[in-house]
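Please look over the sequence and the 3D model below. This report then walks through some of its parts.

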Amino acid sequence: MYVNPNKKIKFIDLPYGDKSITHRYFICAALASSKSVITNANISMDTLATADCMTAIGAKFVFEGRKVTVAPIVKPNKNVTLNCFNSATTARLLAGVVSGLNISATFIGDESLSKRPMERVINPLRLMGANIEKPPDCLFKILPSKLTGISYAMPVASAQVKSAILFAGLFAQGETTVTESIPTRDHTEIALKHFGALIDNSGGIIKVNKSRLKGRSVFVPNDFSTAAYFLAVGLKKGIKLKKVGVNPTRRAFLDMLIASGAKILLKNEKEKNGEKFADIKVLRSDIKPFKSNIEQSAAMIDEIPIACLTAALAEGESVFTGVEELAVKESDRIKSTIAMLNAFGVTAKYEDNALRVIGKKILEGGKTVPATSDHRIVMASIVGALLSQKGIKISDSGCVNVSCPNFWQLLSINPFKWGLIGNDIKQSKSPQIYKILSEITGININYSLLTANEDNFDEVFLKAKNCLDGINLTMPFKQCLNEEEVNTVACIGLKTILYNTDATAVTVALKSKKISVKGKNLLVVGCGGAATAAIKKLISQGAKITVRNRTKSKTKELKKHCKLYNDTKFFGILSFIPIDYLSYVSKNEILNADFVFDAYYFTQTALIREAKLHKKLVIDGFSMLLNQAFSNFEIWTGKKLTANQKRKAEAIFRSQNENTRY
Ligand code: S3P
């Protein structure tokens, strides 16, 4: 697609958690002895690869948007295949973990990962006693063995290799020591310490001893490597970024910009779980060329492509030494960075062991960036296009899913693309709700309706997954993806995360009317998908549920998982049947109840009419519909709606529908 230059870039502050730190927290949480909660996690193809691998071994990950609860591995599965997709961090860090777990695991990955060097982790792990084979059809295969601590001097500057050895050290007999001549990111050391490992990182030598990690609640700062693209935008347009990780081993690009004359202010500097973060304000500024030495290049290894593009905005030659490692990243980034810069009319070359960029203060554009599926090259190209004179053509836009699926939306280039799959959805209110939310928040949303039938659901879903960022499912497809009821799907590249936001929507609607169901008798009418999910949620909040419905086998099935009652006097009555009649509830029961809820919202139902007649507290289906849409919005964008925005959306929606219902 062609990305045009943009004089007035609209940047939406949709924070994105740090990928490196999220990998570490997912792993530590899965290895701990108790539950962990990770907030503001990076949810991308890479980190989901780590979560899925840890799940294959035996951990359980529950996603609520960017909050992830991890139940650790109790007994590891003995023989697993771990698909690391594009993620070298997953493959290398888990090589260390799996070597220590005494299990068999076959590691596989995509075409790009299959070309990347793995000997760098295999060799030290073998020295520790790991039994690793390298058959041609996979990345490598690990077989059970016992580990012993080693002292290892790092031959390459690699945080992934260091981390693999440290993770293996948690399971090894005796002490494991790693020394680095060139420091690399220290997130593993910090995370291990925070999760309770016996680790010491003083005087440039890292020592770890056999330890059992403990579950923790941790916050992930926003990703400095993603923020780097916005720092470049900020030099031209000005920008503010919140809660960005500024760990000293990661912030080299920031320090280089400041040293080159960029006007950058850091505010609200804080630290959580040992990781530093701050708000960053960038003012429009002119910069001088960069000179990056070996240490600086290692500390901004993932930022080199955007740093080179930024260097083109200075007048003169910028020099990056010690960048050999770039040749073995997701692409050969020495070549792909030069090719990208050339497409912008910038002279760049690799000469005398250094990457050199001759800046002329402008990016021309008008050409095509050679095809690549390297996320960092594509993200740098997008930023370059916005800052250029003529824009640029970029081939693969989907690969941003590897680290920051919302990248296009952060820059307001592409809208969020969401949609609903159902059978009879012409009258759906969802497009209307998301239009209101778009107007209130200023975030662009395209919401489409996709009709499917039982025969073509799989096909429609696959198509939707390939072109949408978020999918809602309605009748009769809520139980098609999982045994549990699913009404919301987040699509992250080839991966999906399944959610039920209907059930919480009911409890949130009750809570907003100050109704507490703890210890109370409730009558639930209906036992379909939405009712079942709500019943489970209400029981988890201490309610005693009586169910009345047509199909007895469904209640029988539900009784296997939930304790149900058979009462006749109720504090509240909740109806989930998609029709308007009263045969399951007596007028007396309505008279004796405190509140009545009806999920059906197309007309005012007989149940609601009767409840209103007796001046009962009434909660209609619109409350549930709106609450699930608010949750979906938050899951898909990562942005919390304020109470005020929710109130405003509800008022607009109700006023638009006032006359259509009653
Ligand atoms: C990473 C370390 C770096 C970096 C990669 C993430 C990590 O790789 O380039 O994107 O999370 O440990 P190397 O360890 O190969 O330098």
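Where is the place of methionine 128? Methionine 128 sits in the loop between H5 and strand S7 (131-133). Bear in mind that this is a predicted model.

Start with methionine 128. Its relative accessibility is 0%, so methionine 128 counts as buried. The cut-off for buried is under 20% relative accessible area. Leave aside the neighbours within four places in sequence. Methionine 128 is then in contact with Lys146, Leu147, Thr148, Ile150, Ile165, Ala168, Gly169, Ala172 and Thr176. Now take glutamate 315. Between methionine 128 and glutamate 315 there are 50 Å in space, C-alpha to C-alpha, and the two are 187 residues apart in sequence.

Next comes histidine 23. Helix H1 (residues 19-31) holds histidine 23. Is histidine 23 buried or exposed? With a relative accessible area of 1%, histidine 23 is buried. Residues up to four places away in sequence are again not counted here: histidine 23 touches Asp46, Thr47, Thr50, Ser87, Thr89 and Thr90.

Helix H11 (residues 304-311) contains isoleucine 306. Isoleucine 306 has 0% relative accessibility and therefore counts as buried. Which residues does isoleucine 306 touch, not counting residues up to four places away in sequence? Isoleucine 306 touches Ala228, Tyr229, Ala232, Phe253, Ala380 and Val383. Phenylalanine 61 is 245 residues from isoleucine 306 in sequence and 33 Å from it in space, C-alpha to C-alpha.

**Two helix pairs**

Now for the packing of helices. Two packed helices are described by the angle between their axes and the distance between the axes. The table gives both values for two pairs.

| Helix pair | Angle | Axes apart |
|---|---|---|
| H3 (residues 88-101) and H5 (residues 119-127) | about 20° | 9 Å |
| H17 (residues 502-512) and H18 (residues 529-540) | about 55° | 8 Å |

Take H3 and H5. Angles under 35 degrees count as roughly parallel. H3 and H5 are therefore roughly parallel to each other. Their crossing is right-handed. From H3, the contact uses Arg92, Ala95, Gly96 and Ser99, and from H5 it uses Arg120, Val121 and Leu125. By type, the residues of the contact of H3 with H5 are 3 nonpolar, 2 polar and 2 charged.

Then turn to H17 and H18. How do these two helices lie? H17 and H18 are oblique to each other. H17 passes H18 in a right-handed crossing. On the H17 side, Ala503, Thr504, Val506, Thr507 and Leu510 take part, and they meet Ala533, Ala534, Lys537 and Leu538 in H18. The residues of the contact of H17 with H18 split into 6 nonpolar, 2 polar and 1 charged.

**Domains**

Finally, step back to the whole chain. The domain assignment gives domain 1 (2-13 + 221-401), domain 2 (19-218), domain 3 (416-500 + 627-656) and domain 4 (508-619). What distance separates the centres of domain 2 and domain 4, taken over C-alpha atoms? The centres of domain 2 and domain 4 are separated by 47 Å.

Technical notes
Residues numbered from 1 in each chain as written. Predicted model: local features only at pLDDT ≥ 70, side-chain atom pairs only at ≥ 80, totals over all residues. Heavy atoms only, no water. Axes fitted to C-alpha atoms, helices over the stretch in contact; angles between N-to-C directions. Helix = DSSP H or I, 4+ residues; strand = E, 2+ residues; numbered from the N terminus. Parallel < 35°, antiparallel > 145°, perpendicular 65-115°, else oblique. Left-handed = near helix turned anticlockwise from the far one by under 90°. Contact = heavy atoms within 4.5 Å. Nonpolar A, V, L, I, M, F, W, Y, C, P; charged D, E, K, R; others polar. Buried < 20%, exposed > 50% of the residue type's maximum accessible area, 1.4 Å probe, protein only. Domains from an automatic or database assignment.
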